[in-house]
Amino acid sequence: MDWNNIQNLSSNIVFGILLFTMTIYWVSLFFFKGTNSLLQIGRLGSIIANILLFFVLCSRWIVAGYFPLSNLYESLLFLTWTLLTIYLYIETKTKSKLMGAILIPVALLINGFANLTLSADMQKSSPLVPALQSNWLMMHVSMMMLSYATLIMGSLLCILFLVISKYQEVDLKAIDESYLPLYNVMVDYYETQPFSSSNEFSELGKLKLLHSLDNWSYRIIGLGFPFLTIGIIAGGVWANEAWGSYWSWDPKETWALITWIIFATYLHSRITKGWEGKKTAILGSIGFFVIWICYLGVNFLGKGLHSYGWLS
């Protein structure tokens with residue numbers, strides 16, 4: 001049985017399902033705002049894609065004999081699976097189609113990059129190089145991938161906040177938090193008319209939505225930051241074990257530190273300074289681009305210790 005072909009076929013099927021699911025969510029969001037049947041179809045597609053990705057990752061783990069996070073292809077699949085898992089959980093809690101509408105396109109792009117851009121050789125499992133033969137591999141890389149997934153999601157909500165608010169200051173304290181479950185927010189917002197200064201209900205829905213986006217971005221980034229911290233610490237221990245130094249200012253390490261500082265500043269400004277709304281959304285939005293530089297950008301330079309197992 002050729003497991004590589006089965007895994008590649010399954011991953012390609014995931015791409016097709018995500019493309020279909022994204023279309024369903026967008027059609028439901030823009031044209032059938034009060035219909036839940038399309039949302040259920042889209043959610044089912046996301047669940048099927050998630051199960052297929054889980055199968056691919058588990059089969060690679062069993063066949064190769066090590067945790068499937070040793071190269072770029074495997075990490076992209078793991079990131080896609082983590083994004084889908086977190087999104088499905090949050091959507092279950094919020095009952096909001098908006099989460100799927102903004103997260104599934106990201107998952108689609110990641111999966112498409114893994115399947116359509118990387119060569120067949122880069123998609124195959126291969127023996128681990130000595131630097132990757134460590135018990136710290138699972139701890140370090142899995143924590144970093146979990147942090148990337150959660151921080152990407154939280155920072156995307158920050159970008160959405162800036163888009164909907166049109167980069168304007170918004171008084172979020174005018175809304176009582178206990179009055180704002182996210183489900184009611186989305187219903188109020190998407191079942192009313194488009195924003196208009198003459199439409200009081202529409203403006204109220206917009207304000208409620210912005211409040212919830214601000215709240216959820218804070219909660220999700222707050223979840224991802226400990227993962228990032230643990231991942232960096234585990235990476236230092238792994239680096240000392242592999243190369244004899246906890247920190248060597250490798251490009252990947254430097255950008256991981258920059259990413260940590262950006263989101264530490266975000267949380268510090270919210271917790272101690274009481275910032276919210278536009279200011280913190282800007283910080284979170286910057287973090288979105290910094291994450292991608294840290295995750296992919298420095299690896300494409302082909303320099304540094306972290307070029308092992310990624311790009312030759």
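Q: Which helices are included in what covers the buried residues of H2?
A: This is a predicted model. The buried residues of H2 include Leu38, Gly42, Ala49 and Leu57. Among the elements that cover such residues of H2 are helix H1 (3–30), helix H3 (72–94), helix H4 (97–117) and helix H5 (120–123).

Q: How far does H2 reach from its first C-alpha to its last?
A: H2 has 28 residues. At 1.5 Å a residue, a span of 40 Å is expected. The reach of H2 in the model is close to that, at 41 Å.

Q: Is isoleucine 62 buried or exposed?
A: Isoleucine 62 lies in helix H2 and belongs to the nonpolar patch. Its relative accessibility is 69%. Residues over 50% count as exposed, so isoleucine 62 is exposed.

Q: Is cysteine 294 buried or exposed?
A: Buried means under 20% relative accessible area. Cysteine 58, at 26%, counts as partly exposed. Cysteine 294 has a relative accessible area of 1%, so cysteine 294 is buried.

Q: How many disulfides does the structure hold?
A: A disulfide needs a pair of cysteine sulfur atoms within 2.5 Å. The number of disulfides in the structure is zero.

Q: What residue follows H2?
A: The residue after H2 has a positive phi, near 85 degrees. That residue is glycine 65.

Terms used
Residues numbered from 1 in each chain as written. Predicted model: local features only at pLDDT ≥ 70, side-chain atom pairs only at ≥ 80, totals over all residues. Heavy atoms only, no water. Patch = residues over 30% accessible without salt bridge, like charges linked within 9 Å, V, L, I, M, F, W, Y side chains within 5 Å. Areas by Shrake-Rupley, 256 points an atom, 1.4 Å probe, with all protein chains shown as cover. Salt bridge = Lys/Arg side-chain N within 4 Å of Asp/Glu carboxyl O. Helix = DSSP H or I, 4+ residues; strand = E, 2+ residues; numbered from the N terminus. Buried < 20%, exposed > 50% of the residue type's maximum accessible area, 1.4 Å probe, protein only. Expected span 1.5 Å × (residues − 1). Contact = heavy atoms within 4.5 Å.
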